[in-house]
Amino acid sequence: SGLERGSAAVVISAPRIYLFGGASTTDAIASNIFYDTTTDTWCPGLACMPQARLPDLPAQRSHPAAMRRVDGPFVVVGGPAGLRPRQPSTAGYPEK
């Protein structure tokens with residue numbers, strides 16, 4: 001459905017739970033979504049009003065940090081722009 005993600009920044013501002021950026025199984029994500037606890041719906045989604053959509057981040061970001069300022073706007077910062085393949089670590093293991 002395009003909503004699946006991990007490593008997103010999460011901000012709870014009742015009645016919504018916001019997810020900013022994050023990562024799919026292949027790359028970092030620029031889109032932002034929220035869950036509305038009063039309507040039990042994800043936005044964007046079929047039950048979401050088009051004007052309720054959040055704009056995308058300017059660039060893809062996984063593992064960003066986010067907060068909501070007291071005057072309303074969200075602040076999303078940091079996070080890598082892509083996913084790097086994991087390299088096995090041998091630190092601390094003696095060679096055989």
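Modeller: Let's start with the aromatics: Y18, F20, F34 and F74 form one aromatic cluster. Keep in mind that this is a predicted model, where local features need pLDDT of at least 70, side-chain atom pairs count only at pLDDT 80 or more, and totals for chains, interfaces and linings use all residues. Residues are numbered from 1 along each chain as its sequence is written, and side-chain values use heavy atoms, with hydrogens and water left out.

Colleague: How many aromatic pairs does a search of the whole structure find?

Modeller: Five aromatic pairs turn up. Rings of Phe, Tyr and Trp (its six-membered ring) pair if their centres lie within 6.5 Å; planes under 30 degrees apart count as stacked, over 60 as edge-to-face and the rest as tilted.

Colleague: Why is the pair Y18 and F20 called stacked?

Modeller: The ring centres of Y18 and F20 are 6.1 Å apart and the planes are at 15°, so the pair is stacked. Both Y18 and F20 are buried.

Colleague: And what makes the pair Y35 and W42 tilted?

Modeller: For Y35 and W42 it's 5.2 Å centre to centre with 50° between the planes, hence tilted.

Colleague: Which residues make up the largest nonpolar core?

Modeller: Eight residues: A9, V11, Y18, F20, F34, C43, C48 and L54. A nonpolar core is a set of buried Ala, Val, Leu, Ile, Met, Phe, Trp, Tyr and Cys residues joined through side-chain atoms within 4.5 Å. Strand 1 (9–13) and strand 2 (16–20) each supply at least two residues of this core. Strands here are DSSP runs of E, at least two residues, and helices are runs of H or I, at least four residues, numbered from the N terminus. On that basis the chain has six strands and zero helices.

Colleague: What is F34 in contact with, leaving aside its neighbours within four places in sequence?

Modeller: Contact means heavy atoms within 4.5 Å. With those neighbours left aside, F34 is in contact with R16, I17, Y18, T41, W42, C43, A52 and L54.

Colleague: Now the charges. What makes D36 and R16 a salt bridge?

Modeller: A salt bridge needs a side-chain nitrogen of Lys or Arg within 4 Å of a carboxyl oxygen of Asp or Glu. The D36 and R16 side chains meet at 3.7 Å, N to O, in a salt bridge. D36 lies in strand 3 (residues 32–36) and R16 in strand 2, so the pair ties together parts that are 20 residues apart in sequence. D36 has 10% relative accessibility, so D36 counts as buried; R16, at 25%, counts as partly exposed.

Colleague: How many salt bridges does the structure hold?

Modeller: Two. D71 and R69 also meet in a salt bridge through their side chains, at 2.6 Å, N to O. D71 has a relative accessible area of 52%, so D71 is exposed, while R69, with 39%, is partly exposed.

Colleague: Why does N32 count as buried?

Modeller: N32 has 5% relative accessibility, so N32 counts as buried. N32 lies in strand 3. Its side chain reaches the backbone nitrogen of G21 at 3.2 Å, and a polar atom of that N32 side chain lies 2.5 Å from the backbone oxygen of P55.

Colleague: What joins the side chains of T38 and D36?

Modeller: A polar contact of 2.4 Å. The term covers a pair of N or O atoms within 3.5 Å; within protein, one must be able to donate a hydrogen and the other to accept it, and residues adjacent in sequence count only if both atoms are side-chain atoms. T38 lies in the loop between strand 3 and strand 4 (41–43). T38 has 60% relative accessibility, so T38 counts as exposed.

Technical notes:
Buried < 20%, exposed > 50% of the residue type's maximum accessible area, 1.4 Å probe, protein only.
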